[in-house]
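Subject: A structure for you to look at

Hello,

Here is the structure I promised to pass on. Have a look at it first, and then read on for what turned up.

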Amino acid sequence: MSGSRAEAEEKVGSRQRLQVNEYKENQNIAYVSLRPLQTTVLGKTPMVYLVPFSLSTYKPDQLKRPKSLLDKNSNNEVACKKCKKAEIKKTCRKILTPKMEATSSKAESTLQKSSLDVHAESNKWQYKSTSDAVILSADTESSQDGDSDEGTTPGMDDFSGLSPYEKKRLKNISENANFFASLQLSESAARLREMIKKRQPPESKRKKPKKKENGTGCRRSMRLLKVDPSGVSLPATPTQPILVADENPLLPPGPLEMTSENRDDNSELFKGFLQTWAEVSKTRSKNTEKELSSIKSYKANLNGMIISEDTVYKVTKGPIFSMALHPSEIRTLVAAGARSGQVGLWDLTHQPKEDGVYIFQPHSQPVSCLYFSPANPAHLLSLSYDGTLRCGDFSRAVFEEVYRDERSSFSSFDFLAEDASTLIVGHWDGSMSLVDRRTPGTSCEKLINSSLSKIRTVHVHPVHRQYFITAGLRDIHIYDARCLNPSRSKPLISLTEHTKSIASAYFSPLTGNRVVTTCADCKLRIFDSSCISSKIPLLTTIRHNTITGRWLTRFQAVWDPKQEDCIIVGSMAHPRRVEIFHERGKWVHSFLGGECLASVCSINAMHPTRYILAGGNSSGKIHVFMN
């Protein structure tokens with residue numbers, strides 16, 4: 001009994017200690033068998049097994065854990081978590097090291113070697129030596145609930161611990177690495193770099209020639225060096241400011257003599273010309289008939305108007321900006337204002353036609369408005385961009401200065417009184433001036449600020465002369481001259497139907513019951529102004545091409561003073577023509593001239609009593625249609 005007890009105690013003691021078997025060396029196989037050592041640390045029981053392994057006789061299915069371990073851990077779902085694997089490795093290292101030291105130094109070295117080999121293989125997945133390796137598998141077991149977790153080091157059973165995706169990924173990585181290694185890209189890149197370096201030409205820097213210290217340089221002018229022949233430097237001359245000449249200098253204030261630029265002033269022909277204009281103005285006949293003729297008879301008279309080579313002549317230099325016909329019943333006298341500031345006068349009854357043309361220069365900038373005085377037709381009033389308004393008196397052969405403002409630029413004017421004693425002047429900056437010719441001096445009586453940014457045309461009502469109409473950039477205003485406020489005057493009526501820039505606005509010449517406007521939207525509009533109230537209705541819209549471009553003077557539709565229900569306007573159509581429309585929008589007549597009318601007549605004027613039409617173009621020519 002005592003012997004059997006001793007044997008049992010020895011068996012129990014053998015289970016509780018670690019036994020290391022001897023090495024059995026068979027070729028390349030090293031056997032190390034360790035029985036499990038159960039030691040509780042932090043509630044975990046690590047268990048270590050050693051399995052024989054040889055590289056020479058390695059097979060993929062050789063490294064497998066015992067069936068008992070597989071069965072034991074088959075029910076554990078979270079055996080391969082990364083966090084538990086790290087904890088297992090740390091726990092094994094902490095527990096195995098002291099135990100192995102207690103057993104034997106030989107077993108300790110063996111276990112440490114095996115743990116290091118397992119850790120290296122789990123990171124690199126490659127075998128760097130042909131020596132035998134020992135695979136360490138650690139299982140942990142919980143002491144509280146009896147459940148056990150197993151951590152398997154990668155590399156066992158041909159990466160059996162990895163998922164299929166990870167296996168395929170590692171395989172692709174290795175295949176790609178082998179493929180790129182076979183391409184030898186690094187060697188090709190090195191060869192290309194060498195070729196580029198060889199092709200680059202060496203940087204050649206041009207060597208600057210050295211200056212000779214004692215050599216003689218180029219000879220230079222002593223005048224340019226500003227020294228006298230003896231070598232003494234000359235005193236510096238003071239620099240004078242360069243004066244830029246103005247292209248259009250203002251003419252001196254005061255009256256200017258009528259000096260013809262194309263004729264001799266002392267010639268008898270020029271004196272006879274001035275005398276003729278003065279006599280015709282005295283003996284003019286005033287038309288008191290204000291009844292309109294029928295459209296049928298009006299068309300018949302228009303059909304009798306023709307143009308010929310004798311009625312076409314160049315009167316001014318540059319484009320014509322304004323025109324006026326003398327109201328004489330005996331002679332045909334035409335006046336034209338040009339962009340150059342010239343005023344040309346042409347007597348068509350004088351032959352040859354060259355002898356009947358006289359050109360004057362009363363202004364330095366474009367002449368935008370011309371009118372013969374209704375009280376004395378021997379007076380021709382001209383207004384210019386240069387800020388001057390002058391009156392040409394043919395009886396005295398002088399251009400008197402009526403109004404001057406060098407700080408502003410004038411655009412248009414009209415007579416407020418029938419005797420031409422008072423004038424209303426429009427400025428390009430949107431202001432207006434009230435001028436009284438009876439007052440000495442060349443200043444205005446009143447300067448009025450309007451709400452318009454620009455004023456292109458000014459026209460006075462023919463019957464109720466206290467009203468006048470102004471054409472702005474896109475608005476048209478009607479004012480009462482009796483209610484003008486210098487600070488800011490409000491209009492009685494505003495017309496805002498226009499969508500683009502406005503060129504002109506005029507009352508009908510006899511009654512003032514109609515207003516015609518010309519706009520850049522290719523429309524001529526006619527308004528009913530028979531009752532000047534808060535609103536003026538639109539009667540007719542006529543489609544007409546008003547796009548003249550940069551080099552042509554803008555169209556301005558005007559009324560026929562004999563037939564106030566018809567308007568006259570230039571045309572861009574081919575062949576060139578001047579057209580007449582009725583206030584209801586119907587076409588009435590077109591003046592065609594054939595070869596005599598080969599250009600666009602932008603500015604047109606009709607004789608107040610006779611059937612004579614004069615049109616001016618952009619080259620300074622005047623075309624006259626007459627019976």
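This is a predicted model: local features need pLDDT of at least 70, side-chain atom pairs count only at pLDDT 80 or more; totals for chains, interfaces and linings use all residues.

Phe179 is part of helix α5. Together with Phe180, Leu183 and Leu185, Phe179 makes a nonpolar surface patch of about 400 Å². Helix α5, which spans residues 164-183, gives the most to this patch, with three residues.

Next, the nonpolar interior. In soluble globular proteins, nonpolar side chains tend to be buried together. Here the largest nonpolar core has 31 residues, and those touching the most other members are Leu302, Met305, Ile567, Ile580, Phe591 and Leu613. Several elements supply at least two residues each, among them helix α8 (295-303) and strands β28 (577-582) and β29 (587-592). Strand β27 provides the largest share of the core, with four residues.

Then there are the aromatic rings. A pair of aromatic rings is described by the distance of the centres and the angle of the planes. The structure holds 15 such pairs. One of them joins Tyr313 and Trp346 in a tilted arrangement, with 6.1 Å from centre to centre and 45° between the planes. This pair links distant parts of the chain, since Tyr313 belongs to strand β5 and Trp346 to strand β8, 33 residues apart. Trp346 is buried, at 0% relative accessibility, whereas Tyr313 is partly exposed at 23%.

Tyr385 and Trp428 form an edge-to-face pair, 5.5 Å centre to centre and with 90° between the planes. Tyr385 sits in the loop between β11 and β12, and Trp428 in the loop between β15 and β16, so the pair ties together parts that are 43 residues apart in sequence. Tyr385 counts as partly exposed, at 22% relative accessibility, and Trp428 is likewise partly exposed, at 22%.

There is also a cluster in which ring pairs link Phe270, Phe273, Tyr358, Phe360 and Phe399. The charged end of Arg263 sits over the ring of Tyr358, 5.6 Å from its centre.

Finally, the charged residues. Side chains of opposite charge can pair when their charged atoms come close. In the whole structure, 14 salt bridges were found. In one of them, Asp347 pairs with Arg331, and the closest N and O atoms are 3.0 Å apart. Asp347 is in strand β8 and Arg331 is in the loop between β6 and β7, so this bridge ties together parts that are 16 residues apart in sequence. Asp347 is buried, with a relative accessible area of 3%, while Arg331 is partly exposed at 25%.

Glu401 and Arg390 meet in another salt bridge, at 3.3 Å from N to O. With Glu401 in strand β13 and Arg390 in strand β12, the pair ties together parts 11 residues apart in sequence. Both of these residues are buried. Lys562 and Asp560 form a salt bridge as well, with their closest N and O atoms 3.1 Å apart, and both are buried.

Best wishes

How values were computed: Residues are numbered from 1 along each chain as its sequence is written. Side-chain values use heavy atoms; hydrogens and water are left out. Patches are made of residues with over 30% relative accessible area and no salt bridge: like charges are joined within 9 Å, nonpolar side chains (Val, Leu, Ile, Met, Phe, Trp, Tyr) within 5 Å. Accessible areas come from the Shrake-Rupley method with a 1.4 Å probe; for residues, only the protein chains shown count as cover. A salt bridge is a side-chain nitrogen of Lys or Arg within 4 Å of a carboxyl oxygen of Asp or Glu. Rings of Phe, Tyr and Trp (its six-membered ring) pair if their centres lie within 6.5 Å; planes under 30 degrees apart count as stacked, over 60 as edge-to-face and the rest as tilted. Buried means under 20% relative accessible area, exposed over 50%, partly exposed in between (1.4 Å probe, protein chains only). A charge sits over a ring if NZ of Lys or CZ of Arg is within 6 Å of the ring centre and within 35 degrees of the ring normal. A nonpolar core is a set of buried Ala, Val, Leu, Ile, Met, Phe, Trp, Tyr and Cys residues joined through side-chain atoms within 4.5 Å.
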